[in-house]
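Me: I've got a model open and I'd like to learn how to read a few of its features. Can you walk me through them?

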Amino acid sequence: MSAAAHDAPSGVTYSHAPGPRGRPWLSLLAVAVGVMMVALDSTIVAIANPAIQQDLHASLADVQWITNGYLLALAVSLITAGKLGDRFGHRQTFLVGVAGFAVTSAVIGLSTSVTAIVAFRVLQGLFGALMQPAALGLLRVTFPPDKLNMAIGIWSGVVGASTAAGPIVGGLLVQHVSWEAVFFINVPVGLAALVLGVVILKDARAGRAPKSFDVPGVVLLSGAMFCLVWGLIKAPDWGWGDVRTLGFLAAAVLAFVGFGWRESRANEPLVPLSMFRSLPLSAGTVLMVLMAFSFIGGLFFVTFYLQNIHGLSPVESGVHLLPLTGMMIIGAPVSGVLINRFGPRLPLMVGMILTAVSLWGMSTLEADSGMGIASLWFVLLGLGLAPVMVGTTDVIVSNAPAELAGVAGGLQQSAMQVGGSLGTAVLGVLMASRVSSVLPDQWAEAKLPKLGPDEMAAWEDAAKVGVVPPSKFSSGQAADTVADVVHSSFISGMGLAFTVAAIVALVAAGVAVLTKKGAAAEPALTPSSFMDPSDTDLSKTSSAIRDA
């Protein structure tokens, strides 16, 4: 058997054509550059929002839609995008996503109204959704089982590095160039990813790839995801007991039930329910939701703590988060090696326990805590999250049939989106409730002038993000007292949020017991599936499958 055969998934042997096309590690490079663009965009745009608001005279709601529109588009379309890759080829889907993402980024940079920015951010989210499942699908069918963990680890490290670079790069671009540059930067990155993808990536499809598309399933799942994520996004503003919140969440439940009914009867379902007969895959999905709930939900408050309590700039905040992201970058490929050797169960359990300990540690931070202490907890959090990011991705993707690799990648990304939205919403409510509970008492204990209900409500809103608003207390001896009360209330709420996040992380550690490595060594692939459609020479085809 030739050395080239070892690059193929087990059970299928093929020879590489001369040149870079189809080489696993070069394929990893190509998809990593594309996904780097999406990961960078997830944090870099937040830095530009204040400049966009000032330049275009936008309202706070308009600026929020710049983020929410993108996230909604991602959440609604990820699984469908994964199915498109399974149906039409992950290479083609990935390249369309890269090109579309870069073009919409350029159009956003040229936009002169918030309405246009929001519209193209939604479109950008749709193209981003095409890329992420396709990237995982390409890794799944390109790498042999014994190297898949390492590939996912490196891929996760690239995502972590890009996410970490976002606030720093964004701050520098906004400060020294313009907010438009935050979007224009995607053009050269996208062009590089497109060239690499065209030259390197090979269309490798499963032999039992779907031949049709479940349109009713797409509609029901998209509607369910929209209602769920939209309800979670708006719940903090509307209130959890508001009829609008309950209506959207109820509609999500009904749509999910309808989706399940449809999938059980469709000839080629969008998401075959048989996937979830795999206990490890189901456990990996739940674990991803719980991890994102704890991590993304808890991390939401860290930026307010750094900027509004410690007075750091956005760029300085990004620098102070480097211990967290740095450990994730370093730990991701190392985790791939450990998971490959010991299996995912133990690394996932240890990772979630470390995550729980670090979140508990952050619940003990005070307004005057040194940044060294915070950095210590950030390091521990990064070390805990690294094996979880790699392990859950590997568990979900490797436990799915190869012909559903794209759906599995979309499921993994959707689980993270739902978990993050749920964590931000639930922990935000707990945070707000604690601040509203303790601020009036602390205000009275500090013997500050009594405020009316409306005035106190305004102070509570400011305290929920750690801000001391300009007021009659802005100067004089009372100023320090007011700042202490506001910051103390924020710290109390943040402590509760992190405590709950730590408990959820411990529950996730228990779920990790149910995970195991999937049977990626036996993918349902046909030898001809790995042949480039342009390779019509029968002698090449014969050579490619002679050892199968």
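This is a predicted model: local features need pLDDT of at least 70, side-chain atom pairs count only at pLDDT 80 or more; totals for chains, interfaces and linings use all residues.

Me: How many salt bridges does the rule give?

Reply: The count comes to 1 salt bridge.

Me: And is Arg-244 buried or partly exposed?

Reply: Partly exposed, because its relative accessibility is 42%, and that class runs between under 20% for buried and over 50% for exposed.

Me: OK, helices next. What describes the way two of them pack?

Reply: You use the angle between their axes and the distance between the axes. Here, take helix H3 (residues 90-110) and H7: the axes come within 9 Å and cross at roughly 160°. Angles over 145 degrees count as roughly antiparallel, so H3 is roughly antiparallel to H7. As for handedness, the crossing of H3 and H7 is left-handed.

Me: Which residues make the nonpolar surface patch?

Reply: Leu-191, Val-195, Val-198 and Val-199 make it, and the patch covers about 330 Å². Val-198 belongs to helix H7, residues 186-200. With 38% relative accessibility, Val-198 counts as partly exposed.

Me: Where is Gly-351 found, and is it buried or exposed?

Reply: Gly-351 sits in helix H13, which spans residues 345-363. Gly-351 is buried, because its relative accessible area is 2%, and the cut-off for buried is under 20%.

Note on methods:
Residues are numbered from 1 along each chain as its sequence is written. Side-chain values use heavy atoms; hydrogens and water are left out. Patches are made of residues with over 30% relative accessible area and no salt bridge: like charges are joined within 9 Å, nonpolar side chains (Val, Leu, Ile, Met, Phe, Trp, Tyr) within 5 Å. Accessible areas come from the Shrake-Rupley method with a 1.4 Å probe; for residues, only the protein chains shown count as cover. A salt bridge is a side-chain nitrogen of Lys or Arg within 4 Å of a carboxyl oxygen of Asp or Glu. Helices (H or I, at least four residues) and strands (E, at least two) are DSSP runs, numbered from the N terminus. Buried means under 20% relative accessible area, exposed over 50%, partly exposed in between (1.4 Å probe, protein chains only). Axes are lines fitted to C-alpha atoms, for helices over the stretch in contact, and angles run from 0 to 180 degrees between N-to-C directions. Angles under 35 degrees count as roughly parallel, over 145 as roughly antiparallel, 65 to 115 as roughly perpendicular and the rest as oblique. A crossing is left-handed if the near helix is turned anticlockwise from the far one by less than a right angle, and right-handed if clockwise.
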